[in-house]
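The plan is to look things up one at a time and jot down what turns up.

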Amino acid sequence: MELDEASLAIGRIERALSRMEKALTDRAARPAPAPAVTATALPPADQSALKAEVAAVIGELDRLIAEAERG
Amino acid sequence: MADVKLTIAGRPYDVHCADGQEAQLIQLAGIVDAKARGIQGGTEVRQLLFAALMLADETQEAQSKAGNAEPQLDSLRAAIALAESRESTARDELRAAVSRESAALDQVKQAAEREAALSAELDKLRQGAPVVPVPVGPDHGRALGQIADRIEELAAKVEQIP
């Protein structure tokens, strides 16, 4: 059961990563927004928070992988 | 003692001096002789008198110049001491700055290495590589679930970025 739970979580992680990748790819493919539109983009504080959250999640994953490798 | 024969204003003199000082004595006699010969006319005694007066005048002038130079020498010594002190301070500051720069560079290198490792990890995840290549324990399964929650939240935020 625990293995199934882990496989389920890994599948969810892969799908979420695919969503992020698609969103970022779509965003990069769009033409440069006009200045008025740029003002609606994420504020710098939110961008920093987003980056911090990404770094935290990656750190958590690293820790988990290291623990798993050590058994 | 050494015996030395001198000739001043055309007259020979036999004098004695300490061993090793003959050359010095001959050189000094040469100076007196040149002064005496430069004075034309008069008796030999008068020539020697004027030579002695001229040498005394030159001696006095040299002493006066040395006395005037003394304060300047003090100022120069003070300036040299100040310059040496400033150079020492500047060297210390430079050494400290190099040390700080080196430490900052090390931090940048470490940060770059961490970033590269994280980036490689993220690439592995994107390529669908197994996240945990070894059997997963109960706690790990729960932790993976929590991480999946956070990544899904992140994906939602990324999708909402205009």
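**Entry 1: two helices crossing**

I started with helix 1 (residues 22-37) of chain B and helix 2 (residues 44-126) of chain B, whose axes come within 8 Å and cross at roughly 115°. The axes are lines fitted to C-alpha atoms over the stretch in contact, with angles from 0 to 180 degrees between N-to-C directions. Helices here are DSSP runs of H or I with at least four residues, strands are E runs of at least two, and both are numbered from the N terminus. I noted the crossing of helix 1 of chain B past helix 2 of chain B as right-handed, where right-handed means the near helix is turned clockwise from the far one by less than a right angle, and left-handed means anticlockwise.

Who touches whom? From helix 1 of chain B I wrote down B:V32, B:K35 and B:A36, and from helix 2 of chain B there are B:Q47, B:L48, B:A51, B:M54 and B:L55. Contact means that the C-beta atoms, placed from the backbone, lie within 7 Å. By class I get six nonpolar, one polar and one charged residues in this contact between helix 1 and helix 2 of chain B. Nonpolar covers Ala, Val, Leu, Ile, Met, Phe, Trp, Tyr, Cys and Pro, charged covers Asp, Glu, Lys and Arg, and the others, Gly among them, are polar.

**Entry 2: ground rules and confidence**

This is a predicted model, in which local features need pLDDT of at least 70, side-chain atom pairs count only at pLDDT 80 or more, and totals for chains, interfaces and linings use all residues. Residues are numbered from 1 along each chain as its sequence is written, while chains are lettered from A and ligands numbered from 1 in the order in which they are written.

pLDDT is the predictor's confidence in each residue, from 0 to 100. Chain B averages 84, with 93% of the residues scoring at least 70. Chain A has a mean of 76, and 79% of its residues reach 70 or more. For the complex, the predictor gives an ipTM of 0.76 and a pTM of 0.37.

**Entry 3**

Chain B has three helices and two strands, in the order β-β-α-α-α along the sequence.

I then checked B:A9, in the loop between strand 1 (2-8) and strand 2 (11-17) of chain B. Its phi is near 55°, a positive value in a residue other than glycine. Leaving out residues up to four places away in sequence, B:A9 touches B:D33, B:A36, B:R37, B:E44, B:Q47 and B:L48.

**Entry 4: where the chains meet**

I found 28 residues of chain B in contact with 34 residues of chain A. On the chain B side, helix 3 of chain B gives the most, 16 residues. That side divides into 18 nonpolar, four polar and six charged residues.

Last, I looked up B:L144, which touches A:A6, A:A9, A:I10 and A:L64, not counting residues up to four places away in sequence.

Notes. Contact = placed C-beta atoms within 7 Å.
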